[in-house]
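Please look over the sequence and the structure first.

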Amino acid sequence: MDWKQAWSTTANTTNNALDSLAPVCVPFAVRWDLEADRRDKLRTPEHLKALMAAQKEHNAARSTQATAKSQQLTARAASNNPFAAGRRAARVASKAAARHERDTRAKLKAARVNYPSTLKARAIQAHALHAVPTVVTSVVMSGSHLTLWPAATSAVLVGANVAGLALGRRTLRVPVDESVSLEERQLMERLDPSYWVEHAPDRGLSGTVTTPPAMEPGGIRCEIRLDGTWTVKSLADKADSVRALLGARTALRIRITSASRGGWAVLSLATRSAAAGVSSLWTPDRIPSDPMAMSLGLDTETGDEVLIPFDERLLVSGASGTGKSWSFRPLMATAHLRGDLLLIDGKGEEANIWEHSCRVAVEREEITDAVDDAHAEMTRRKVDMKKRGISVWDGRQLTVVVDEGQVILALIMKDKDRLQRLIELSSLGRSRGVVLWWATQYPLTDGGAPGVHKLIAPNLLTRFSLRVAGTTQAQVALDDCAHYAPHQIPDGREYRGHGYLKGYGPRMLRTWTLDDAGVRALPKSIWTPEQSTGGQSPRPLHLVKETAAPSGASNRDKVLAAVQADARTARDVADRTGLNKGTVSREIKALTANGALRRTADGLLLPGSQAA
């Protein structure tokens with residue numbers, strides 16, 4: 001048998017057991033030390049002098065009272081008349097002496113409070129008060145058989161007192177990984193129960209006790225026992241006091257949540273990110289096998305992949321510079337590869353990247369046409385579903401992406417018909433396979449320039465928010481989960497693409513990102529509405545001449561050739577050339593500016609040589 005190994009194992013097991021018991025005894029030891037320190041500070045020479053004077057005065061008053069009492073008894077024996085002068089005088093003197101004794105006794109009591117006995121002496125007195133009688137009781141109760149339980153009970157009490165102090169003052173061995181940073185080491189030392197309980201009252205946190213902290217992939221995690229009237233909410237409200245007690249930097253994210261049992265809270269310090277070692281670049285391999293789910297990103301505390309519904313209406317919020325567009329691209333790419341994608345871009349920058357892959361709408365005419373076409377497709381599918389007797393669309397999903405929502409609303413807010421169609425897309429489209437995703441920098445539903453319409457926002461059930469400007473925007477961005485506080489996400493490059501998902505919990509997520517090259521590498525699939533749109537007149541067909549443009553011609557040459565071949569509207573040009581409407585619109589503007597094309601008063605396109 002390896003005695004050295006056995007001894008080491010036994011020592012480690014014993015230390016672990018003592019470490020687990022120490023937090024329970026820390027409050028007792030701290031109260032003991034605080035009381036002992038208070039008594040020691042009161043034991044000054046001035047208080048001792050006052051105590052001695054009070055004792056001397058009290059002793060003198062007791063002697064005077066005893067003398068007066070004796071004289072009263074003598075006077076009573078000398079005369080049977082209670083109204084005799086001697087008895088009355090003795091009685092008055094006895095009352096005065098008793099009153100003086102009570103006064104001096106009160107002063108002596110106050111002096112003893114000001115100059116108390118040491119706590120150690122008081123403990124010895126208290127234990128002696130029960131130890132001596134219990135020993136005597138054990139001896140008296142012992143007859144033919146020895147009876148020891150009274151004395152044993154007293155010994156247990158004495159031992160419990162000593163053991164409680166020893167465990168409470170025990171310096172815990174906090175297991176610290178060698179890879180932790182200096183900041184993490186300091187935080188873990190301050191989360192140690194012995195340090196916490198000693199300094200918590202200075203920060204208004206008396207009645208809370210920590211357990212030994214643990215290092216996890218997302219940072220430091222520690223449980224806190226809540227005594228008295230403490231609740232998780234009241235402790236969360238004191239987050240600033242917790243930060244001050246730990247000496248944590250202002251930018252460090254501190255989260256206080258409920259534990260798995262009542263009376264306990266969980267304190268999480270985001271000193272690291274579980275997603276740090278994983279590339280954030282999205283590839284098609286990230287698309288889940290479940291057709292009804294798509295990958296949003298990684299949980300920075302656990303490293304788990306977070307999935308959201310693919311067929312659910314979505315609101316993505318994020319101030320300028322928070323990485324909203326890059327974070328939104330992987331979701332759009334998923335929608336593009338799984339079905340049809342229509343991008344209504346209020347700013348235009350994203351359309352420059354996506355126009356090679358999907359249908360985009362940037363200009364006012366393109367945006368209104370896109371809303372009309374999406375609404376018409378939704379209506380056509382309703383008719384088709386009724387004919388086939390189904391309640392949920394079973395074909396390809398058409399995802400309508402609105403980015404930036406504030407600009408789009410500003411364009412169509414006065415166009416009541418198209419605004420109503422957009423609202424109906426958000427409320428009626430999901431079951432028909434037409435799903436609205438909305439992105440905005442300004443998640444507001446009120447005011448002169450809302451980022452999302454007040455009738456559209458309630459339909460966007462899946463909500464993800466990067467950093468936003470304030471509490472009002474956080475309320476719209478995450479609805480009843482606004483307490484996740486997306487407005488408190490630090491402002492820095494390292495936090496771009498980081499945000500909170502409604503209903504997931506106040507754990508920060510790091511989204512996937514997709515760069516420009518990744519978008520351009522996507523296959524081309526331009527969505528166009530069906531020719532028959534549920535009772536509306538079919539779109540007119542146009543004859544496309546085979547010699548409209550030479551092979552290898554630029555987009556501008558193709559547009560010019562189409563107009564020269566009798567295409568008179570932007571839609572005609574798009575039908576003839578197969579180009580995106582956004583590309584057609586920009587090329588028409590350029591050709592009009594250089595005089596190659598002209599517009600008539602009724603908006604028709606003519607070659608420059610035919611306009612006059």
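Predicted model: local features only at pLDDT ≥ 70, side-chain atom pairs only at ≥ 80, totals over all residues.

In which hand does α12 pass α19? The crossing is right-handed.

**Helix α12 against helix α19**

Helix α12 covers residues 364–388 and helix α19 covers residues 581–593; their axes come within 10 Å and cross at roughly 160 degrees. Angles over 145 degrees count as roughly antiparallel, so α12 is roughly antiparallel to α19. On the α12 side the contact is made by E366, D369 and D373, and on the α19 side by K581, G582 and S585. By class, this contact has four charged residues, two polar ones and no nonpolar ones.

**Two further partners of α19**

Helix α17 (residues 555–564) also packs with α19, at an angle of about 80 degrees and with the axes 9 Å apart. That angle makes α17 roughly perpendicular to α19. The residues in contact are N555, R556, V559 and L560 of α17, together with T583, E587, I588, A590 and L591 of α19. They divide into five nonpolar, two polar and two charged residues.

Helix α18 spans residues 570–577, and its axis comes within 9 Å of that of α19, crossing at roughly 120 degrees. As α18 passes α19, the crossing is right-handed. From α18 the contact draws on A570, R571, V573, A574 and T577, and from α19 on K581, V584 and I588. Here the division is five nonpolar, one polar and two charged residues.

| Helix pair | Angle between axes | Distance between axes |
|---|---|---|
| α12 and α19 | roughly 160 degrees | within 10 Å |
| α17 and α19 | about 80 degrees | 9 Å |
| α18 and α19 | roughly 120 degrees | within 9 Å |

**The sheet**

How many strands form the open sheet, and in what order? There are ten, arranged β7-β6-β15-β14-β13-β8-β12-β11-β9-β10, with mixed pairing. The edges are β7 (305–309) and β10 (359–361), each of which pairs on one side only. From one strand to the next the twist averages 30 degrees.

Within this sheet, strand β8 (residues 314–317) and strand β13 (residues 462–465) run parallel and are joined by four bridges. V316 stands opposite F464 in β13. Helix α15 (residues 471–478) packs on the sheet, where it touches β8, β13 and β14 (498–501). The direction of α15 makes about 145 degrees with that of β13.

**Local backbone features**

Two loop residues deserve a look. D479 lies in the loop between α15 and β14. Its phi is near 60 degrees, a positive value in a residue other than glycine. E404 is placed in the loop between β11 (398–403) and α13 (405–412). The peptide bond leading from D403 to E404 is cis, with omega near 5 degrees.

**Confidence**

The mean pLDDT of the chain is 85, and 91% of its residues reach 70 or more.

Technical notes: Residues numbered from 1 in each chain as written. Heavy atoms only, no water. Axes fitted to C-alpha atoms, helices over the stretch in contact; angles between N-to-C directions. Parallel < 35°, antiparallel > 145°, perpendicular 65-115°, else oblique. Left-handed = near helix turned anticlockwise from the far one by under 90°. Contact = heavy atoms within 4.5 Å. Nonpolar A, V, L, I, M, F, W, Y, C, P; charged D, E, K, R; others polar. Pairing = 2+ DSSP bridges. pLDDT = per-residue confidence, 0-100.
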